[in-house]
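Please open the structure in your viewer and keep the selection panel at hand. The tour moves from model confidence to the core and then to one helix.

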Amino acid sequence: MADLPNAAPLPVGHADSPHDWSDYYDLMAGRPPRETLLRSLSLFDAEDRSIAADGTAKPVRFAVDVGCGEGRDTAELVRRGWRVLAIDGEPEAIARLQARPEIRAAIAQNLMETRVQRFEQLELPANLDLINASFCLPFCPPAQFPALWNQLTAALRSGGRLCGQFFGDRDSWAVYDHMTHHTRAQVEALLQPFTVELLEEEAHPGKTALGDEKFWHIFHWVICP
């Protein structure tokens, strides 16, 4: 990938990276939920208002937060009254999530469950309302990505939503063969079978959360079967 705009910084989790997941979680603490999740929730809220107008009780919806990290998105789902299963491959992420007061309260009320599972071990319930995959899918090894994508999309109920990000082929981290990157055409092919409620592409120089210079090429999306 000699045409990459910048030298590639090492992603968190790489064996030679000067940073570890603890550094990343420290920086993410207190950050607001991601925009793709907020877009999905606003669409559900509009549907719930329509249900309420008919005199029907608002449903208790069920979400899975895949790659939940320290919980910036999970906490928003809990705050809005969702049942949540939060999954991450890093035990420290789940430990930090469970330490949050609002998460402890939701677990005590049987509205919240956590699991330590890596992509290759992932097991999902059926008929989910929402799967939130904020920034985690690019960290799936390419050989495992097709099976993961099929599992995610198959777990949604009719009318459910899946939201997240792909990294594009011009992203600095596209040099790493243990990560999954997509061209615009590949993204459109993946999303084509679904109703695309959001698809935004960004490409620009910037920095990682840990301060390393990086060229970002990201696709943000919300889809509905």
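**Confidence first**

Colour the predicted model by pLDDT (the predictor's confidence in each residue, from 0 to 100): the protein averages 91, and 92% of the residues score at least 70. Next select residues 1-6, where the pLDDT is below 50 and where the stretch has 13 contacts (heavy atoms within 4.5 Å) beyond near neighbours in sequence. Where pLDDT is low, the predicted coordinates should not be read in detail.

Residues are numbered from 1 along each chain as its sequence is written. In this predicted model local features need pLDDT of at least 70, side-chain atom pairs count only at pLDDT 80 or more, and totals for chains, interfaces and linings use all residues, while side-chain values use heavy atoms, with hydrogens and water left out.

**The largest nonpolar core**

Select Ile131, Leu137, Trp149, Leu152, Phe166 and Trp221, which touch the most other members of the largest nonpolar core, a set of 29 residues. Such a core consists of buried Ala, Val, Leu, Ile, Met, Phe, Trp, Tyr and Cys residues joined through side-chain atoms within 4.5 Å, buried meaning under 20% relative accessible area and exposed over 50%, partly exposed in between (1.4 Å probe, protein chains only). Now centre on Trp149, whose contacts, not counting residues up to four places away in sequence, include Leu162, Phe166, Leu190 and Trp221.

**Helix α7**

Helices are DSSP runs (H or I, at least four residues) and strands likewise (E, at least two), numbered from the N terminus. On α7 select Val187, Leu190 and Leu191, the buried residues of this helix. They lie on the same side of α7 because they cover an arc of only 90° around the axis, taken from the directions from the helix axis to the C-beta atoms. Turn to the other side of α7, where Ala185 and Ala189 are exposed.
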